[in-house]
Amino acid sequence: MALHIGIDGCRGGWLFSIIEEDGSISIVLFSQLIDAVDIIKKAERIFIDMPIGLVDNKNEKRLIDNQIRTKLGYPFSSSVFTVPCRQAVYAENYKEALEINKAILGKGFSIQSWNICPKIKELDIFLEQNIEFKDIFVETHPELRFKQVNGESLQFKKKTVEGFNERINLLKIKYPCIVDVYLKYRKQFLKKEVSDDDMLDSLILTF
């Protein structure tokens, strides 16, 4: 059975929104990607909010980051973090990573970018060790998908009550039962591990 999956990295690990062939929706939290191999094997396509493909030298470019920023526009473009080079991602700490990135790419990157480096590294290793999955994983961005569904920029940031309502109403376009799905799974996750916007982000990636 082919599944469509949207994955958002969160504090608790990796949040999978899974759309079955019959249209039913489930949301599952995996602490590590390797724990989700049995689900991934069944997927037709997986859209993930995490960088795929890291640069190793200054002659390589991740064009996707600037493309997404341009499409999102202000103020949502700030949600797209600068991705360090592979060597920096694998560094032991932020200070070392900054030095490496400046030496290789000639620039630094934010602490916010460093904070997601463990997830970037995990995904990079996972795809290197499971090359059969490389063709089904697609890097994307939830805010861009919400904008595309809306047809124009959203009005509110996702961490606000207004932003939550704006996004869940967009999800209703494809999934009329989405409020029930949200309420069902919201009580299964600790908020310190899975935030409300993590849930909505993983769901929009299945569109």
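**Close-up views of a predicted model**

**View 1. Helices α8 and α9.** The axes of helix α8 (residues 161-171) and helix α9 (residues 178-186) come within 9 Å and cross at roughly 120°. This is a predicted model, in which local features need pLDDT of at least 70 and side-chain atom pairs count only at pLDDT 80 or more, while totals for chains, interfaces and linings use all residues. Residues are numbered from 1 along each chain as its sequence is written, and side-chain values use heavy atoms, with hydrogens and water left out. Helices (H or I, at least four residues) and strands (E, at least two) are DSSP runs, numbered from the N terminus. Axes are lines fitted to C-alpha atoms, for helices over the stretch in contact, and angles run from 0 to 180 degrees between N-to-C directions. From α8, F164, I168 and L171 meet I178, V179 and Y182 of α9; contact means heavy atoms within 4.5 Å. The residues of this contact divide into six nonpolar, no polar and no charged (Ala, Val, Leu, Ile, Met, Phe, Trp, Tyr, Cys and Pro count as nonpolar, Asp, Glu, Lys and Arg as charged, and the others, Gly among them, as polar).

**View 2. Helices α7 and α10.** Helix α7 (residues 142-150) packs with helix α10 (residues 196-204) at an angle of about 65°, their axes being 9 Å apart. On the α7 side, P142, E143, R145, F146 and V149 meet L200, D201 and I204 in α10. Here the contact residues divide into five nonpolar, no polar and three charged.

**View 3. Residue I27 in strand β3.** I27 is found in strand β3 (residues 25-30). With a relative accessible area of 3%, I27 is buried (buried means under 20% relative accessible area, exposed over 50%, partly exposed in between, with a 1.4 Å probe and protein chains only). Leaving aside neighbours within four places in sequence, I27 is in contact with residues including L15, F16, V181 and L203. The C-alpha atoms of I27 and Q188 are separated by 9.6 Å, and these residues are 161 residues apart along the chain.

View 4. The loop between α6 (117-129) and β5 (137-139) holds N130. N130 has a relative accessible area of 11% and is buried. A polar atom of the N130 side chain lies 2.8 Å from the backbone oxygen of F126.

View 5. T160 has its place in the loop between α7 and α8. T160 counts as partly exposed, at 30% relative accessibility. Its side chain reaches the backbone nitrogen of G163 at 2.8 Å.

Note on methods
Polar contact = N/O pair within 3.5 Å; in protein donor to acceptor, adjacent residues only side chain to side chain.
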